[in-house]
Amino acid sequence: MLDDLALFVAIVEAGSLNAAADKEGVPAATVTRRLQKLERQLGCKLLHRSARRMLPTAEGMQYYEQCRPLLQALKQSTQTLDATLRDIAGSIRMLAPINLVSAFLTPALVSFIEQYPAVRLELDVSNDLQDMIGTGADLAIRAGPQEDSALTQKRLGDGAVELVAAPSYLAHRGHPQSAAELQSHALLVAEPLSRWQLHDPLDDALTIVQPEPRLRVNEMRVAINAAEAGLGILMCPLIQCHEALARGTLVRVLDGWVRLRRPIYAVWSQQRYLPARVRALVDHLAQYCAAHELLAEKQKHRV
């Protein structure tokens with residue numbers, strides 16, 4: 001009915017059915033049929049029609065005067081919404097783990113804001129799994145397998161996971177040579193890496209280690225600091241410990257035994273249309289991750 005109402009307004013403003021048909025790009029017969037349909041729905045005649053002229057009836061003029069501003073307001077609202085969805089401007093609320101933002105994603109977010117100065121980024125960092133819909137977030141960055149079917153996901157990349165320890169710890173306690181020997185070592189757990197899968201490089205035998213940690217923490221940076229201080233052996237994503245490995249404050253333990261790769265995803269609610277500004281951020285993060293060697297399928301250079 002809304003389309004027929006808009007056509008009626010066009011007829012009144014054009015002054016004739018034929019002129020309205022030309023303006024709207026539809027056959028004159030179609031205009032007549034839709035006008036008659038609208039009159040039947042309203043139960044009154046809207047136009048006086050003759051061979052020479054066409055004038056609104058009293059009811060038709062009242063209807064036109066009431067509906068025309070409503071149609072104009074609707075058109076303006078639609079244009080505004082369309083611009084909001086198309087333009088890379090406005091506010092983006094994003095959730096992300098503290099670990100990923102502080103150790104890896106900050107340069108990508110800075111370059112995105114510099115590239116799109118009309119975008120305002122509201123970043124909520126937490127290592128807790130936050131409810132996207134409940135928090136009103138446009139986007140979330142998450143690591144590990146994603147099982148929430150209510151969310152659309154885009155895989156940004158994945159990175160290696162390593163067992164690491166400080167040289168001082170290994171000098172004091174010795175280098176473990178097998179997964180079984182880890183049981184006699186001080187172990188550190190950074191959530192959610194609390195179940196360690198190790199594969200013997202010689203025969204591919206799988207060992208599951210469920211650490212009874214000397215330290216358990218939900219912040220990877222704290223766990224890395226503890227490992228560097230010599231408190232024990234830690235399982236850690238390479239993107240978060242590669243600088244310590246490069247400095248030599250951490251070294252690999254049981255190199256080649258850990259095959260786990262930890263994926264990183266951008267996720268958003270299926271209930272939301274993805275505006276251009278959010279799509280631009282997803283694409284920007286995907287490009288950043290694709291170019292980062294620590295998220296390549298196989299690292300080209302070992303640190």
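## Salt bridges

E228 and R221 are joined by a salt bridge, with 3.4 Å between the closest N and O atoms; the term here means a side-chain nitrogen of Lys or Arg within 4 Å of a carboxyl oxygen of Asp or Glu. E228 is partly exposed at 22% relative accessible area, and R221 is also partly exposed, at 35%. For these labels, buried means under 20% relative accessible area, exposed means over 50%, and partly exposed falls in between, using a 1.4 Å probe and protein chains only. Before we go on, please note that this is a predicted model, where local features need pLDDT of at least 70, side-chain atom pairs count only at pLDDT 80 or more, and totals for chains, interfaces and linings use all residues. Residues are numbered from 1 along each chain as its sequence is written, and side-chain values use heavy atoms, with hydrogens and water left out.

The whole structure holds 9 salt bridges. One of them pairs D124 with R93, at 3.2 Å between the closest N and O atoms. Because D124 sits in strand 4 (residues 119-125) and R93 in strand 3 (residues 90-96), this pair ties together parts that are 31 residues apart in sequence. D124 is partly exposed at 22%, while R93 is buried at 18%. Another salt bridge links R261 and D158, 3.6 Å from N to O. R261 belongs to strand 13 (residues 261-269) and D158 to strand 6 (residues 151-165), so here the parts tied together are 103 residues apart in sequence. R261 counts as partly exposed at 25%, and D158 as buried at 16%. Helices (H or I, at least four residues) and strands (E, at least two) are DSSP runs, numbered from the N terminus.

## Nonpolar cores

The largest nonpolar core has 73 residues, and I141, L163, L182, L198, L234 and L285 have the most contacts inside it. Such a core is a set of buried Ala, Val, Leu, Ile, Met, Phe, Trp, Tyr and Cys residues joined through side-chain atoms within 4.5 Å.

Leaving aside neighbours within four places in sequence, L234 is in contact with residues including L163, L188, W196 and I224, contact meaning heavy atoms within 4.5 Å. L260, in the loop between strand 12 (251-252) and strand 13, is partly exposed at 38%. Beyond its neighbours within four places in sequence, L260 is in contact with G159, A160, V161 and L193.

The largest pocket has a volume of about 640 Å³. It is lined by 34 residues, of which P97, R142, A143, P192 and R262 are the closest to its centre. Strand 5 gives the largest share of this lining, 4 residues. A pocket is found on a 1 Å grid over the protein atoms alone, as an open set of points where a 1.4 Å probe fits, with protein on both sides within 12 Å along at least five of seven lines; lining residues have an atom within 4 Å of a point. Grid points are joined across faces, edges and corners, and a volume is the space filled by probe spheres set on the points.

The second largest pocket has a volume of about 460 Å³. Of its 16 lining residues, A6, V9, E24, L71 and K75 are the closest to its centre. Helix 1 (2-14) supplies the largest share of this lining, 7 residues.
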